[in-house]
Amino acid sequence: DIIVNDILDTEENYVSSLKNEENRVVNFEDMGRGARKTDAVINALYERSSSRDNEFYGSEYICLRDEFRYTKSKKEIGNVDRIMISYGGVDENNLTLKTVKAIENACEDKSGSPYIDIVLGLGYDNKNELKSYLESSNLEYEINQNIDWISEHMAESDLLFTSNGRTVYEAASLNIPMISISQNTREVKHLFSEYNDGVKNLGIAREVEKSDIIKSFKEYKENEERRTQMINSLKQENLTEGIN
């Protein structure tokens, strides 16, 4: 009765081939020509309005998993004692290692370094290189992969480094300030990180230097007023109601 497409952009002929008097078609994250042929398209990651009655844009339509809806959100951030790094399933630009190196450079000695919780996706191919670097560093860290409840890791963090995808909304629902880097041009179109001050968006990966990460991290770590400003901005969003 209802055909759901979660395959990114679609073409008109594909959606038309699915529709008849009995079938209704609903698409997610679809910016293709087929979107106009659907009964509904949910584009929560794209922050723009539409003149079509069948299109629903913006973070108010984000569908969070239950683990984020029921995990206790952060109220305040004092010191930056623990940070989390999670750049998605593949991390095609190996931003994880780049960020680790930046953090080590930003902290002059071990005593000034926060604990680092690294959460890797199943498709991350640079684990040996990452482990080798960390073992020779002065950083305190843990590496996690294939975890069941990423919300628990986020809730314990004082800052999250992440790409500019759905994880931004998940962390925002828990009031976790972020520094984000877009892995590709599609992620650049996700504009929540542009308008919400709780996210520091550094732009697309190929243009982000290690020095950019160091500067943003130091600004956050050394400025309690800035941390308060970021978390207060995230508190203004009510993302847990999107699934309703």
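Is D91 buried or exposed? Select D91 to begin: at 4% relative accessibility, this residue counts as buried (buried is under 20% relative accessible area, exposed over 50%, partly exposed in between, with a 1.4 Å probe and protein chains only).

Before going further, a word on the model. This is a predicted model, in which local features need pLDDT of at least 70 and side-chain atom pairs count only at pLDDT 80 or more, while totals for chains, interfaces and linings use all residues. Residues are numbered from 1 along each chain as its sequence is written, and side-chain values use heavy atoms, with hydrogens and water left out.

**Stop 1: residues with positive phi**

Stay on D91, in the loop between β5 (82-86) and α3. Helices (H or I, at least four residues) and strands (E, at least two) are DSSP runs, numbered from the N terminus. The phi of D91 is near 55°, a positive value in a residue other than glycine. Most residues other than glycine have a negative phi.

Now select L8, in the loop between β1 (2-5) and α1 (12-18). Its phi is near 65°, again positive in a residue other than glycine. L8 is partly exposed, with a relative accessible area of 36%.

E11 sits in the loop between β1 and α1 too. E11 counts as partly exposed because its relative accessibility is 48%. Leaving aside neighbours within four places in sequence, E11 is in contact with R33 and G34 (contact means heavy atoms within 4.5 Å).

**Stop 2: α3 against α4**

Select residues 95-106 for helix α3 and residues 127-135 for helix α4. Two packed helices are described by the angle between their axes and the distance between the axes. Here the angle is about 10° and the axes are 10 Å apart. Axes are lines fitted to C-alpha atoms, for helices over the stretch in contact, and angles run from 0 to 180 degrees between N-to-C directions. The two helices, α3 and α4, are therefore roughly parallel to each other (angles under 35 degrees count as roughly parallel, over 145 as roughly antiparallel, 65 to 115 as roughly perpendicular and the rest as oblique).

Show side chains next: T96, L97, V100, K101 and E104 of α3 meet E129, L130, Y133 and L134 of α4. By class, the residues of this contact are 5 nonpolar, 1 polar and 3 charged. Ala, Val, Leu, Ile, Met, Phe, Trp, Tyr, Cys and Pro count as nonpolar, Asp, Glu, Lys and Arg as charged, and the others, Gly among them, as polar.

**Stop 3**

Move to I214 in helix α9 (residues 210-222). I214 counts as buried because its relative accessibility is 16%. Its contacts, leaving aside neighbours within four places in sequence, are A102, N105 and A106. The C-alpha atoms of I214 and I103 are separated by 6.5 Å, although the two are 111 residues apart along the chain.

Then pick N144, in strand β7 (residues 141-145). N144 touches D117, I118, V119, L120 and H153, not counting residues up to four places away in sequence. At 16% relative accessibility, N144 is buried.

**Stop 4**

On a 1 Å grid over the protein atoms alone, a cavity is a set of points where a 1.4 Å probe fits but cannot get out, and a pocket is an open set with protein on both sides within 12 Å along at least five of seven lines; lining residues have an atom within 4 Å of a point. Grid points are joined across faces, edges and corners, and a volume is the space filled by probe spheres set on the points.

The largest pocket has a volume of about 610 Å³. Of its 32 lining residues, S86, Y87, G88, G89 and T167 are the closest to the centre. α6 gives the most to the lining, with 3 residues. The lining holds 10 nonpolar, 12 polar and 10 charged residues.

Color α6 by accessibility: 7 of its 8 residues are buried. Just after α6, N175 takes a positive phi of about 60°.

**Stop 5: the cavity**

The structure holds 1 cavity of 30 Å³ or more. The largest cavity has a volume of about 80 Å³, and its lining includes F28, I42, Y61, C63 and R166.
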